[in-house]
Each structure stands twice: as structure tokens, then as C-alpha cells.
Amino acid sequence: MNTLIYTHKACFDHRPGPHHLESPERLHAVLQALRAPEFAGAIWRDAPLGSFAQVLHIHTPDYVETVQAMSPVDGYRALDGGDTIMSSGTLEAVMRCVGAACAGVDDVVAKTAANVFCATRPCGHHAEAGEAMGFCVFNQAAIAALHARHQHGLKRVAVMDFDVHHGNGTQHSFYEDADLFYGSCHQAQFYPGTGARHETGVANNIVNIPFPRGTGSATFRAAMEKEMLPALREFAPELLIISAGFDAHHLDPLGGLKFTDDDFHWTTRELMKVADESAQGRVVSVLEGGYSMDGLASGTAAHVRALMGR
């Protein structure tokens, strides 16, 4: 079995404005990196459209109806104070994100892929059940976790998030469910302001490791080895979903952490070991943030290289 990569041309059609950080150029950078000869063994598929039934595993009916109603024929519509902006292509793009993540779950459960990377945009981990936030419309990682439960009967699902920003939406959706685990390594005192260590969930199923600005490889790896990976192993997920943000890269203009390509490769391999122990190797990775085109491209390449066992 090989690594499967989902993407779709519709994900370029989410265009929140000429100066917006969540630009189509992000996906161009990712796909250019992953078209290199070293990734020739990966399987590529078009991301299917997700269903609104899948979205409703996490999001409220009122919010879903609002997103549908706000979808513009042309121009722009802001779903929040101005960070999360819809264009005419946004609704299809976010439904492709949902479709990719859920199809990825189907693939790893059916063992038709070794693991899955969803090269889709926009990101999703800030989206709350009833609210858009931080460039995110629907929370595809959280939706995929509930899809695994409803479609495949998996009980214990974990999401590991190494984006520079805390995934408030995923945390809030998992907080009261002891069979859902959310782990996040992120920059402290940074957007969106959540993710403190004392936020531990109903059954210590939430693990937050906030880092001060300037944190680099040694501190990150030590925290993973001493705290995050043992917590994941104790939880023993049947499926591991990765919210793979690359804005903790040392080249990123928005974040303040100093992670390297080798860090992303290392943590991916360590997470895969956990999945091998309790989840039959089932890993689905979803692209989140990353705003240096070079850092995003090289970080993603390191991550997918690890998924492919290289």
C-alpha cells in the first residue's frame, strides 16, 4: 500500500482577497513540492465533495445554513470580523476539504492506502461548531473523526495538531467526549488565545503544550517525547488524524516558533509509530496553516516523505 494524496482544482477557487494570507499560492507551493520525482510512488486522487450530513457531525444546522446562504455569486462575504472571507468558489472548496478528509478515513479503514495526506485548502481547525474563525469555515479534521465513528464504528479517535496556532474549534468539539483526544503543540500567547495547559477536557482527553515565542527543535522534541506521545499511547487511538500546519516553520512570517523540516519529519514518524501500535497504522493528515511559501513547501515535503516511510 502507498500513501494517497487528495487534492482538487476547486481548492484554488477559494479566493478571500488579493492580500489575504490564506491564498491559492499556498496550495500551488504544496503541490509543486509534492510533484517532485521522490514522491512518484504516491497515489493521487481528486478530492470528492463532502456531504452536509458529514458536516453536521460537528457543525450546527443554523451555522451550515448561514454558510450556504452567505456564499456569494461574485465578490466577497465575510463570515466573521474579516479573517474568514467567502468568494464564489469557497463553498465548493470547503466541501472538497471535508470530502477529502472523510474519504481518507474510508481509505485507511478499508486498507486501500497506507495513509492519506489531504492537500486541500482552506484550513479548518479554528472553525467552531457554530462559528467561522481564523480563515476556517468547516473543521474537516474534527468532521473526519466523527465520520470514522458514525460510518465505521471506530470509538477512540485522536487528532494531533502541530500548527503554530491552537485549534480551538477541534478542542471545543472534543472537550466533553472522553473517546476523542485532541493534542496540540502551539505558540503561547498567540491567536486564538486558547490552548492553556489547564484545558484538559472531561477525561484528560485534551493535551495542550504551549511554547513561548522562539522555541526550537530541542524543546519541541523533548515535549513530544515526555508528554504528548505518552498521552497518545495511553489513549490508544483506533485512528490518528493529523492537523498538519507548517506555520511553526522557522521561515514563517506569521508564527514565532523555530521548527525545521527535520522536526516535521521526525514528529510524523513518531506519530506513525503510535498509530502502528493501536490503530493498525491508520493515519489521515489534513493540511492546516503555513504562510511562508518556501517553509510550507519544504515542511509539507518532509511530512509526506515521512508518511511514505522515507
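Is phenylalanine 264 buried or exposed, and what is its relative accessible area? Phenylalanine 264 is buried, with a relative accessible area of 1%; buried means under 20%, exposed over 50% and partly exposed in between, using a 1.4 Å probe and protein chains only.

Before going on, a word on the model. This is a predicted model, so local features need pLDDT of at least 70 and side-chain atom pairs count only at pLDDT 80 or more, while totals for chains, interfaces and linings use all residues. Residues are numbered from 1 along each chain as its sequence is written, and side-chain values use heavy atoms, leaving out hydrogens and water.

**Around phenylalanine 264**

Phenylalanine 264 sits in helix 8. Helices here are DSSP runs of H or I with at least four residues, strands are runs of E with at least two, and both are numbered from the N terminus. If you skip its neighbours within four places in sequence, phenylalanine 264 is in contact with Phe162, Gly245, Phe246, Ala248, His249, Phe259 and Gly299. Contact means heavy atoms within 4.5 Å.

**Ring pairs**

There are eleven aromatic pairs in the structure. Rings of Phe, Tyr and Trp (its six-membered ring) pair if their centres lie within 6.5 Å; planes under 30 degrees apart are stacked, over 60 edge-to-face, and the rest tilted.

| Pair | Centres apart | Angle of planes | Kind |
|---|---|---|---|
| Phenylalanine 211 and phenylalanine 220 | 6.3 Å | 75 degrees | edge-to-face |
| Phenylalanine 246 and phenylalanine 264 | 4.9 Å | 70 degrees | edge-to-face |

Phenylalanine 246 lies in the loop between strand 9 (239-244) and helix 8, and phenylalanine 264 in helix 8, so their pair ties together parts that are 18 residues apart in sequence. Phenylalanine 246 and phenylalanine 264 are both buried, and phenylalanine 211 and phenylalanine 220 are buried too. Ring pairs also join Phe162, Phe211, Phe220, Phe246, Phe259, Phe264 and Trp266 into a cluster.

**Helix 8 meets helix 9**

Helix 8 (residues 261-278) packs with helix 9 (residues 293-307) at an angle of about 30 degrees, and their axes are 8 Å apart. Axes are lines fitted to C-alpha atoms, for helices over the stretch in contact, and angles run from 0 to 180 degrees between N-to-C directions. The two helices are therefore roughly parallel to each other: angles under 35 degrees count as roughly parallel, over 145 as roughly antiparallel, 65 to 115 as roughly perpendicular and the rest as oblique. On the helix 8 side, the contact residues include Phe264, and on the helix 9 side they include Gly299.
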